[in-house]
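Here is a short briefing on one protein chain. Keep the structure open as you read, and find each residue as it is named.

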Amino acid sequence: MYYHFNSIRKYTVSLLDTFGDIEIPRYDENGQVIKVITVPIVFSSRERAVQLVEQDYATNNGSANILPRLALSLDAMNKATNRDTNKTRKINVTAKDDSNYRLHYNSVAYDLSFTLHILARTMSDLTIILEQILPQFRPTLNIRMQELDFVENDETIPISFDGVSFNFPIDTDIDSDIRTITADIALTMRGNLYLPIKDAKIVKEVYANLQDPSGGISTTAYKAFDDSTVLYTKTDTI
């Protein structure tokens with residue numbers, strides 16, 4: 001059966017939105033702010049982002065405005081067994097008609113490993129971006145998002161900070177056209193993947209035969225269910 005809840009895409013887009021409002025000031029020769037620019041962000045690996053920077057640099061005749069940039073990559077997904085809960089728990093039950101209903105079972109926990117790549121021309125730009133991002137993890141960064149389209153309430157998704165690494169190129173050629181320094185921020189998002197929705201029949205009657213362990217008395221109980229309500233019980237003594 002085909003099903004798709006767009007969970008991985010939603011997590012990725014939510015992170016792009018979270019880091020899509022980073023700003024960098026630009027100063028004049030007197031140290032006054034003349035404008036503030038928003039740092040663009042794309043879904044890409046660091047290597048691909050560097051290639052795009054080089055292509056844009058050549059296309060724009062060496063314009064310095066192509067940096068800084070951000071890039072987000074999804075690196076791995078690992079099952080988070082320690083966060084799994086009862087797999088038979090139903091998180092949503094919807095009646096289709098008098099005899100059928102739809103069941104949506106509990107999610108399966110997964111940790112999504114992302115890397116946020118920062119590409120800058122100067123160390124000043126790099127540190128300004130870092131200081132807007134890193135203090136948000138106290139100890140985690142929590143974002144609100146709607147995991148499932150048919151569930152009205154938003155869920156809180158925690159994101160943990162796993163460290164930052166730097167790449168400072170060695171300047172061997174002072175006439176080099178472009179110099180890019182980078183920082184890679186490792187992130188782990190505690191997400192969930194969901195099983196398909198299943199159709200099931202409504203249970204209306206349940207029969208149970210009970211016997212007194214002391215002996216001599218046998219009880220037959222009959223329970224009819226309507227919306228999980230016991231209507232009556234009948235007992236026979238033999």
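**A pair inside the sheet**

Leu116 stands opposite Ile185, a residue of β10. The model is a predicted one. β7 covers residues 108-120 and β10 covers residues 181-193. These two strands pair in the antiparallel sense over 13 bridges.

**The chain as a whole**

- The protein chain has three helices and 14 strands.
- Of its 238 residues, 32% are buried.
- Its accessible surface comes to about 15,100 Å². Carbon and sulfur atoms account for 49% of that surface.
- Take the contacts between residues at least 6 apart in sequence: 65% of them join residues at least 24 apart.

**The sheet**

- Six strands make an open sheet with mixed pairing. Their order is β3-β4-β7-β10-β9-β8.
- From one strand to the next, the twist averages 30°.
- β9 and β10 run antiparallel and are joined by eight bridges. In that pairing, Ile159 has Met189 of β10 as its bridge partner.
- β8 and β9 also pair in the antiparallel sense, over six bridges. Here Ile143 stands opposite Ile157 in β9.
- In a regular strand, side chains alternate between the two faces of the sheet.

**The helix across the sheet**

- Helix α1 spans residues 7-18. It lies across β3, β4, β7, β8, β9 and β10.
- The helix runs at about 140° to β10.

**Phe19: buried in a loop**

- Phe19 is found in the loop between α1 and β1.
- Is Phe19 buried or exposed? Its relative accessibility is 0%, so Phe19 counts as buried.

- Thr115 sits in strand β7.
- The relative accessible area of Thr115 is 12%, so this residue is buried. The cut-off for buried is under 20%.
- What does the side chain of Thr115 make a polar contact with? The partner is the side chain of Asp75, at 2.4 Å.
- Beyond four places in sequence, Thr115 touches Ala71, Leu72, Ser73, Asp75, Asp184 and Ile185.

**The nonpolar cores**

- The largest nonpolar core has 29 residues. Ile118, Ile133 and Met189 have the most contacts inside it.
- Which elements give two or more residues to this core? They are α1, β4, β7, α3, β8, β9 and β10.
- Ile118 is in contact with residues that include Leu70, Leu126, Ile129, Leu130 and Ile133. Ile181, Ala183 and Ile185 are also among its contacts.
- Another core, of seven residues, lies apart from the largest one. Val53, Tyr57, Ile66 and Leu67 are among its members.

**Backbone exceptions**

- Most residues other than glycine have a negative phi, and most peptide bonds are trans.
- The peptide bond from Leu67 to Pro68 is cis, with omega near 10°. Pro68 lies in the loop between α2 and β4.
- The bond from Arg138 to Pro139 is cis too, with omega near -5°. Pro139 belongs to the loop between α3 and β8.
- Asn6 is not a glycine, but its phi is positive, near 60°. Asn6 lies in the segment before α1.
- Asn6 has a relative accessible area of 30%, so it is partly exposed.

Conventions
Residues are numbered from 1 along each chain as its sequence is written. This is a predicted model: local features need pLDDT of at least 70, side-chain atom pairs count only at pLDDT 80 or more; totals for chains, interfaces and linings use all residues. Side-chain values use heavy atoms; hydrogens and water are left out. Two strands pair if DSSP finds at least two bridges between them. Helices (H or I, at least four residues) and strands (E, at least two) are DSSP runs, numbered from the N terminus. Axes are lines fitted to C-alpha atoms, for helices over the stretch in contact, and angles run from 0 to 180 degrees between N-to-C directions. Contact means heavy atoms within 4.5 Å. Buried means under 20% relative accessible area, exposed over 50%, partly exposed in between (1.4 Å probe, protein chains only). A polar contact is a pair of N or O atoms within 3.5 Å; within protein, one must be able to donate a hydrogen and the other to accept it, and residues adjacent in sequence count only if both atoms are side-chain atoms. Accessible areas come from the Shrake-Rupley method with a 1.4 Å probe; for residues, only the protein chains shown count as cover. A nonpolar core is a set of buried Ala, Val, Leu, Ile, Met, Phe, Trp, Tyr and Cys residues joined through side-chain atoms within 4.5 Å.
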